[in-house]
Amino acid sequence: MNAAGFPLLSLVTWLPLVGVLVIMSVRGDEATVAANARWTALWTTLIVFVLSLVLWVKFDKADGGFQFVETAAWLPQWGINYKMGVDGISVLFVLLSTALTPICILASWEAIGTRVREFMISFLILETMMVGMFAALDAIVFYMFFEGVLIPMYLIIGVWGGPRRVYAAIKFFLYTLAGSVLMLLALLAIWYQVGSTDLVTLLHANIPASMQTWLFFAFFASFAVKVPMWPVHTWLPDAHVEAPTAGSVILAGVLLKMGAYGFLRFSVPMLPLATANYAPFIYTLSVVAVIYTSLVALAQTDMKKLIAYSSVAHMGVVTIGIFTVNVQGVSGALFQMLSHGVVSAALFLCVGVVYDRIHSREIARYGGLADRMPIYAFAFMLFSMASCGLPGTAGFVGEFLVLVGAFKVNFWLALLGSLGMILGAAYMLYLYRRVIFGKITRDDLKGILDLSGREIAVFAPLVVLALWMGVYPSSFTGFFDAAVNAMVDHNHAALMGTTTIAGVLTP
Amino acid sequence: MLYAVAVFAPLLGSAIAGLFGKAIGDRAAQAVTITCMVLASVCGVISFVTLVYGHGHPGAVHIMTWVDSGDFHVEWALRYDTLSAVMVAMVTCVATLIHIYSVGYMSHDNTIWRFFSYLSLFSFAMLMLVTANNLLQLFFGWEGVGLASYLLIGYWYDRPSACAAAIKAFLVNRVGDLGFALGIALVFVTFGSIEFGPIFGAVGKHQTDVYMLFGTSWRAYEVIGILLFIGAMGKSAQLGLHVWLPDAMEGPTPVSALIHAATMVTAGVFLMARFSPVLEFAPYALGFVTVVGASTALFAATIGCVQNDIKRVIAYSTCSQLGYMFVAAGVGAYQASVFHLLTHAFFKALLFLGAGSVIHAMSDEQDIRKMGGLAKKIPLTATLMWIGSLALAGVPPFAGYYSKDAILEAAWAAESGVGAYGFWCLLIAAFLTAFYSWRLLILTFHGKTRADHHTFEHAHESPPVMTVPLILLAVGAVTTGWFFHEQLIGEEWGHFWGAAIVNGPANHILHAMEDVPHWVSFAPTVAGAIGIAVAYALYMGMPAVPGMLASAFRPIYLFLLNKWYFDELYNAVIVRPLLCLARVLWQTGDATIIDGVPNGLAAMTTGGSGRVARMQTGSIAVYAFTMVIGVVALVTVFLLFR
């Protein structure tokens, strides 16, 4: 039935729910339940991760189409199937999700002390929703997962968050939901037009030019909020600041990729005309995002907020890359999404480390940590450098490929879009200087402990990934090269087709 | 294979010292890094000798694929030609000596393993830069030395000034790097590859390519040349992007010697030589290079004349000498620029390390106004500093004489307006160079001491672990000039360089250099001699006069002392407005305007309730309400479309 020989994607998607059942069946006093919940969640996510590695091994890199496809009739009277499958664009995001979830579980081992069981359940449900969203090959199934992600995330922020958690959670929820409603409309319209909800069919459907514009903006409303693009980004800093560390990690690592993934899955391949027409609009918003949010990041006094704003800037580079619709731009955008998934997740974990010890995210509260926490200083330095795109680290490859892709479009797009190189270095080094360098002045910092064994276990895989992706990115780009080429060719062919017709029609 | 060892041994040393330094201790970390560096320099020198004097063949050592995306393909590989090999040999040798010197200089430090790890990391990045076989790997080394210099300048991270200098160095470099990155992108768009082989092979084909910019079309080669040179300006501290170099003196002195003399700052000059096959066909870009180089040489020399910090004087001297090298590259005499790079590496490392020895002797005093008369206390250091200064001032037969003379001759022989501008700027700079060098020597070593009694009595010669590297560098500063000048820039230069440096068919500058009028050849030496004489007269003969001159021409003096007010200008025009804008964007843009709209809506929905408790129950209502709207919309649309 597929390369794995069994319904691998469904298993990876739904297995976390088995963990949920196990956790729910545990009885006993609170400590027992908490310990059981932690271990069950960790083991479940680790097993899921190992299973998902089959994708890494068995994925056929030469094939630009969908693989590991599974289909089951779901609502036959409507023609809706439960269909799962991955192509080069989505397969690495499935792996990113399954890799980050156990790291998050491990990171909240001690940080989450109340309602541990419910927290772990939320996280496992979240994993199901994330993986399902990246693997879904039916528009309706996709929509369900896409929305489904919101609920556990909403709870994670709203229940385990900081003092203003309720405000942040509602803001997060309303922002993202408001856009989604429009996307649902668009999906329904496409369904009505093409007569299918199968993404494979939709990718090659010809949607009339008249419809493309408003469909484009309907999708845009939903995805732009998720990315988030300027000026609908303000939910993100609030959500990050209030979310617990693990919540921030998964939010930055995976959830921010949903919007960009949506652009790549729906807007660019299905609506080539509108994409070509409105690319300058997207470029403008993205360039503003890069410069504006980088500057705002420079002014922050809260560590998490600073990194949250830096995420917006980095995602601005991603949207530039996607809408250049050339191989380097799109590959760069995909790579940037993956590297940002690793690096920003790691940076939020870095903040989490000191927050767990001192219970403050105020930058001015710190200083001189290098003396007491050399291992932490090393990890933080590495991820800071990766974040500002030092060659040899994960952050560089994507940013540079986008630069090349953008340069093919326009010099100014490349120049302005790359200003993040300078500004990114400015806010990261400024942050690093204030937190890590300097003299220790406060008494409680003098006794601060370096990373524990558990924390090293959390960081080690991310350190390896950040360097691996920087030194040998081909092992990642190889996955999506064929798919990106196919997508770009398809897009160009569609544009050529319409211009030829237009040429015939207009005398 | 040896060549790969030369490049990767420092990385190994750095990794061991950095990761396990705390566990294995300072001694072991020093031993490991120095062993690796010695190994690297042996391999580096052997590779160089076999290629140039033996039977080696230029080529490349392939390691693995790096980036692969569509037709964008980049390899990790080590280029093996004369230019790379000579740089590898020079970098490994100088870096090794600096490692050894640091054993003595840093002996009182707390985290010696960290220092040695950084030093080796820096050497590795520099080696990757010079052995790059494509522009992207060159960029890797380029930014790698940026990172290492950031770490080294900020090595004493508990000093605010060191942290500020480190960040400044990184950011100013990044400005240049952005230009470089754009240049790489344009090279890719023009040539369809960024590997050196394919680019240089296709130079003929893209001569007439144009690139649209500012609404006009420009020849692509000119734009590429300018963009790459912007990168070089950042790294090599040329006028405008030079502001980081003097501040970088906050790092420990061996760092200044390694980074700001011998290696990192010369990367820009190296880039020009490396890219000579393309730059040869970008005459306007080269003109720009010449003008900027010449201006920098003169500008930095004027500042060097009034600085009082021993390291800063030398730092501005570096800045000025880099200007010389760019003039040479700009008039097409890349060979001369690399020659000066080579000799400069030895005598400037010697001067910095000598200054380190002085600072060491003076209990960390760096102000030359508080020195004087030290020649009696530290005669060896004084002698070595004299040798370094003689080489810097271009006195025959020291190394600087050969290379500096060659550059001035080349500038004259270019027979162009920019060439003449370069020549006169450099000639004046040659006078100033000799002047500030002897000002420094006299104020430091001669006359009556102005140091306080205790410090002066305490002054002592450095241990052999520091002086032996100095002596070896001094040997280099004496000999490299006459040993190399015939091979590098003589009639037979093609034999030495092979295909590593290309002169276009119309470029006969190396030949024309031989035929300049006699006075041109003598001029720099004479200018140097006058500079020495003036410095001697002012600071030995009439020590009161410099002070009187300073007060008589106070505005000029202050202008020079404050480095032409570049820092103040940048602060006022760029840094402060940006920080201010950042605050406005955040507090007004984000918090008031963008958030104002949805927060207003939210306030309406929840009935104006500000209370957390009520909002929590309200949230489910909001959720349900939105879902209802969604369902209604869904049904409506469905019915409408049916």
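**Salt bridges, a buried helix and a charged patch**

Analyst: In this predicted model, Arg79(B) and Asp81(B) are joined through their side chains by a salt bridge, with an N to O distance of 3.1 Å.

User: Are those two buried or exposed?

Analyst: Both Arg79(B) and Asp81(B) are buried, and for Asp81(B) the relative accessible area comes to 6%.

User: Which arginine at 2.9 Å also forms a salt bridge with Asp81(B)?

Analyst: That is Arg274(B), whose closest N and O atoms with Asp81(B) are 2.9 Å apart. Because Arg274(B) sits in helix H10 (residues 267–274) of chain B while Asp81(B) sits in the loop between strand S2 (72–80) and helix H2 (82–105), the pair ties together parts that are 193 residues apart in sequence. Arg274(B) is buried as well, its relative accessible area being 0%.

User: How many salt bridges are there over all chains?

Analyst: Searching the whole structure gives 17 salt bridges over all chains. In chain A, one of the pairs is Glu110(A) with Arg454(A), which meet at 3.3 Å, N to O. This pair links distant parts of the chain, 344 residues apart, with Glu110(A) in the loop between helix H3 (88–107) and helix H4 (116–135) and Arg454(A) in helix H21 (residues 453–471).

User: Why does Arg454(A) count as buried?

Analyst: Arg454(A) counts as buried because its relative accessibility is 17%, and the cut-off for buried is under 20%. Glu110(A), in contrast, is exposed, with a relative accessible area of 60%.

User: Back to chain B, which residues are linked in a network of salt bridges?

Analyst: The network of salt bridges links Lys168(B), Asp247(B), Arg312(B), Lys563(B) and Asp567(B).

User: New topic: what forms the negative surface patch?

Analyst: The negative surface patch is made up of Glu486(B), Glu491(B), Glu492(B), Glu514(B) and Asp515(B). Among them, Glu486(B) is found in helix H19 (residues 464–489) of chain B, and with 47% relative accessibility Glu486(B) counts as partly exposed.

User: And chain A's own H19, how many residues does that helix have?

Analyst: Helix H19 of chain A, residues 420–435, has 16 residues, and from its first C-alpha to its last it reaches 22 Å, close to the 22 Å expected at 1.5 Å a residue.

User: Why is H19(A) described as largely enclosed?

Analyst: Of the 16 residues of H19(A), 13 are buried, so the helix is largely enclosed by the rest of the structure.

How values were computed: Residues numbered from 1 in each chain as written. Chains lettered and ligands numbered in written order. Predicted model: local features only at pLDDT ≥ 70, side-chain atom pairs only at ≥ 80, totals over all residues. Heavy atoms only, no water. Patch = residues over 30% accessible without salt bridge, like charges linked within 9 Å, V, L, I, M, F, W, Y side chains within 5 Å. Areas by Shrake-Rupley, 256 points an atom, 1.4 Å probe, with all protein chains shown as cover. Salt bridge = Lys/Arg side-chain N within 4 Å of Asp/Glu carboxyl O. Lys, Arg positive; Asp, Glu negative; His and termini not counted. Charge placed at Lys NZ, Arg CZ, Asp CG, Glu CD. Helix = DSSP H or I, 4+ residues; strand = E, 2+ residues; numbered from the N terminus. Buried < 20%, exposed > 50% of the residue type's maximum accessible area, 1.4 Å probe, protein only. Expected span 1.5 Å × (residues − 1).
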